[in-house]
Amino acid sequence: MNRLSDIGTIKDILSRHGFTFSKSLGQNFLINPSVCPRMAELSGAGQGTGVIEIGPGIGVLTTELCRLADKVVAVELDKRLLPVLDETLAEHDNVKIINADVLELDLHKLIAEEFDGMNVVVCANLPYYITSPVIMKLLEEKLPVAAITVMVQKEAAQRICAQVGSRMSGAVTVSVNYYAKPQMLFSVSAGSFMPAPKVDSAVIRLDVLEEPPVKTDEKKFFRVVKAAFSQRRKVISNSLSSGLSMDKEKVLQLLDGAGVPQNARAEALSLQNFADIANLL
Ligand code: SAM
């Protein structure tokens, strides 16, 4: 069998299919042979598992997932890749390709129809232009998914995996930690892709929590998080006042009630702090 991460093999397949890379679809294909087996292994794909892959490209990660899991459903937006995938995945009978935009897809329906009774995980080398929307869709929709293992730009990985309450923490850190336990798995250099992107990447895994770690009204919680981080440099009393369009006096009362110092910055707050503020709103 041809090794799909081999650059000569990839060039041959792509030229035979007359394929050219689309920058706007975030098409940077993996050519480092050690990455996909490791990523698939760490994703939790195995016996009794169904895997959702987003953006299979020419199927380099898909092949590894097919070897480990009972079934793989890969969602690819670019229909020019469908004949390529027909060829590269021909030896696997446990894979289905869906030609769709993952952001538009009803994933609850997909899981119910394709993975009945299976433990489901997500594993993907994400197109970078939609990293956050995809991750937040997977989490916010409360899908019956145990873990999400994704390759993202290194900076995004560091932000997501930062400690809540630390300097690197941002709205995405708090939001992801509300739904999941994130961990950094390993870094991947820019040279591992064709074409090579400008920055390095990293693989992260989000283990989805059964219950959020704090009790709160979700809508209010996320309104507070968004407002708090809307102006990172400002102290929390100012960012909340402008972000929630609320009198400064009222915000100060709110912060006082939640036991949060008015001159703290959003990055220093814990999940419980955000929940306490939201619960007093
Ligand atoms: N998995 C392959 C690999 O690792 O070499 C390709 C990864 S490439 C970074 C991202 C893939 O996502 C491309 O195949 C691209 O066409 C696909 N894609 C881009 N936007 C998408 C969307 N909205 N829904 C589904 N797939 C998308």
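Two strands are taken to pair if DSSP finds at least two bridges between them. Helices (H or I, at least four residues) and strands (E, at least two) are DSSP runs, numbered from the N terminus. The model is predicted: local features need pLDDT of at least 70, side-chain atom pairs count only at pLDDT 80 or more, and totals for chains, interfaces and linings use all residues. Residues are numbered from 1 along each chain as its sequence is written, and side-chain values use heavy atoms, with hydrogens and water left out.

Seven strands form an open sheet of mixed pairing. Their order is β4-β3-β2-β5-β6-β9-β7. The edges are β4 (95-99) and β7 (180-188), each of which pairs on one side only. The twist averages 20 degrees from one strand to the next. Angles run from 0 to 180 degrees between N-to-C directions; axes are lines fitted to C-alpha atoms, for helices over the stretch in contact. Strand β3 (residues 71-76) pairs with β4 in the parallel sense, over five bridges. Val75 has Ile98 as its bridge partner in β4. Helix α5 (residues 107-114) packs on the sheet and touches β2 (49-54), β3, β4 and β5 (119-125). The direction of α5 makes about 150 degrees with that of β3. Contact here means heavy atoms within 4.5 Å.

Helices α9 (residues 218-230) and α10 (residues 236-243) also pack together, at an angle of about 120 degrees and with axes 7 Å apart. Their crossing is right-handed. A crossing has this hand if the near helix is turned clockwise from the far one by less than a right angle, and is left-handed if anticlockwise. Val224, Ala227, Ala228 and Ser230 of α9 meet Ile236, Ser239, Leu240 and Gly243 of α10. This contact has five nonpolar, three polar and no charged residues. Ala, Val, Leu, Ile, Met, Phe, Trp, Tyr, Cys and Pro count as nonpolar, Asp, Glu, Lys and Arg as charged, and the others, Gly among them, as polar.

A cavity is a set of points where a 1.4 Å probe fits but cannot get out; a pocket is an open set with protein on both sides within 12 Å along at least five of seven lines. Lining residues have an atom within 4 Å of a point. Grid points are joined across faces, edges and corners, and a volume is the space filled by probe spheres set on the points.

The whole structure holds one cavity of 30 Å³ or more. Of its 29 lining residues, Ile54, Gly55, Glu76, Asn125 and Pro127 lie nearest the centre. β1 (29-30), β2, α3 (60-68) and β3 each supply at least two residues of this lining. The lining comprises 18 nonpolar, seven polar and four charged residues.

The largest pocket has a volume of about 250 Å³. It is lined by 13 residues, with Lys23, Gly26, Asn28, Pro197 and Lys198 closest to its centre. The second largest pocket holds about 160 Å³. Leu139, Lys142, Tyr179, Val208 and Leu209 are the closest to its centre among 13 lining residues. Its lining has 10 nonpolar, no polar and three charged residues.

Lys142 lies in the loop between α6 (131-140) and β6 (147-153). Its phi is near 50 degrees, a positive value in a residue other than glycine. The peptide bond from Met194 to Pro195 is cis, with omega near -15 degrees. Pro195 lies in the loop between β8 (193-194) and β9 (201-208).
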